[in-house]
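Thank you all for making the time this morning.

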Amino acid sequence: MIEIHGIAIDAADPYAIASWWSQATGLPLGEGDKPGDDEVLLQPEQGAYFLFIRVPEGKTVKNRLHLDVNGTEGRTRDEEVERLLGLGATVFNDLRQPDGTGWVTMLDPEGNEFCVCRSQAEKDSAG
């Protein structure tokens, strides 16, 4: 078995995109990380860290790996989508279904895909 201890994400501006993800997730930036750094860290109390690394090339195709996220603090999927839109994300593909299932594929400000899914509480209440 292996343990995933970090997730590296290519970035044009590591500090800017890490700051955006910090707002989105509530995770703090790494101690001493500042604008212009080539690597910027987000470190949760438990689980894998996120390391944003400067690369010279821009994103040109769909990510081969993406994050699935859901709201916390009682926020529904739809409320989380609205909150993330307010932070600067965009909707890439809305796959919500009339019965409440489905998800929304969004793009962060650098164009990386992530999906906003229903929370466990929403799934449980749907029966």
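This is a predicted model: local features need pLDDT of at least 70, side-chain atom pairs count only at pLDDT 80 or more; totals for chains, interfaces and linings use all residues.

Let us begin with Glu 80, which sits in helix 2, where helices are DSSP runs of H or I with at least four residues, strands are runs of E with at least two, and both are numbered from the N terminus. Residues are numbered from 1 along each chain as its sequence is written, and side-chain values use heavy atoms, with hydrogens and water left out.

Is Glu 80 buried or exposed? Glu 80 is buried, because its relative accessible area is 4%, and the scale here is that buried means under 20%, exposed over 50%, and partly exposed in between, using a 1.4 Å probe and protein chains only. Setting aside neighbours within four places in sequence, Glu 80 is in contact with Gly 71, Thr 72, Arg 75 and Val 116, contact being heavy atoms within 4.5 Å.

In general, side chains of opposite charge can pair when their charged atoms come close. Glu 80 forms a salt bridge with Arg 83, with the closest N and O atoms 2.6 Å apart; the term means a side-chain nitrogen of Lys or Arg within 4 Å of a carboxyl oxygen of Asp or Glu. These two residues are 3 apart in helix 2, which means that about one helical turn separates them, and Arg 83 is partly exposed at 25%. Glu 73, Arg 75, Glu 80 and Arg 83 are linked in a network of such bridges.

The whole structure holds 9 salt bridges. In one of them, Arg 54 pairs with Asp 38 at 2.7 Å between the closest N and O atoms, and because Arg 54 lies in strand 3 while Asp 38 lies in the loop between helix 1 and strand 2, the pair ties together parts that are 16 residues apart in sequence. Another joins Asp 78 to Arg 77, at 3.0 Å; Asp 78 is partly exposed at 33%, whereas Arg 77 is buried at 4%.

Now a contrasting case, Asp 108, in the loop between strand 6 (104–107) and strand 7 (113–116). Asp 108 is buried yet has no salt bridge, and the nearest side chain of opposite charge, Lys 59, is 8.0 Å away. A polar atom of the Asp 108 side chain does, however, lie 2.8 Å from the backbone nitrogen of Glu 110. Not counting residues up to four places away in sequence, Asp 108 touches Ile 17, Trp 20, Trp 21 and Phe 114.

Some of those names return in the largest nonpolar core, which has 19 residues, and Trp 20, Trp 21 and Phe 114 are among those with the most contacts inside it; such a core is a set of buried Ala, Val, Leu, Ile, Met, Phe, Trp, Tyr and Cys residues joined through side-chain atoms within 4.5 Å. Which element gives this core its largest share? Helix 1 does, with 5 residues. The buried residues of helix 1 pack against strand 1, strand 2, strand 3, strand 4 (67–69), helix 2 and strand 7, and just after helix 1, Gly 26 takes a positive phi of about 80°.

How values were computed. Lys and Arg count as positive and Asp and Glu as negative; His and the chain ends are not counted. A polar contact is a pair of N or O atoms within 3.5 Å; within protein, one must be able to donate a hydrogen and the other to accept it, and residues adjacent in sequence count only if both atoms are side-chain atoms.
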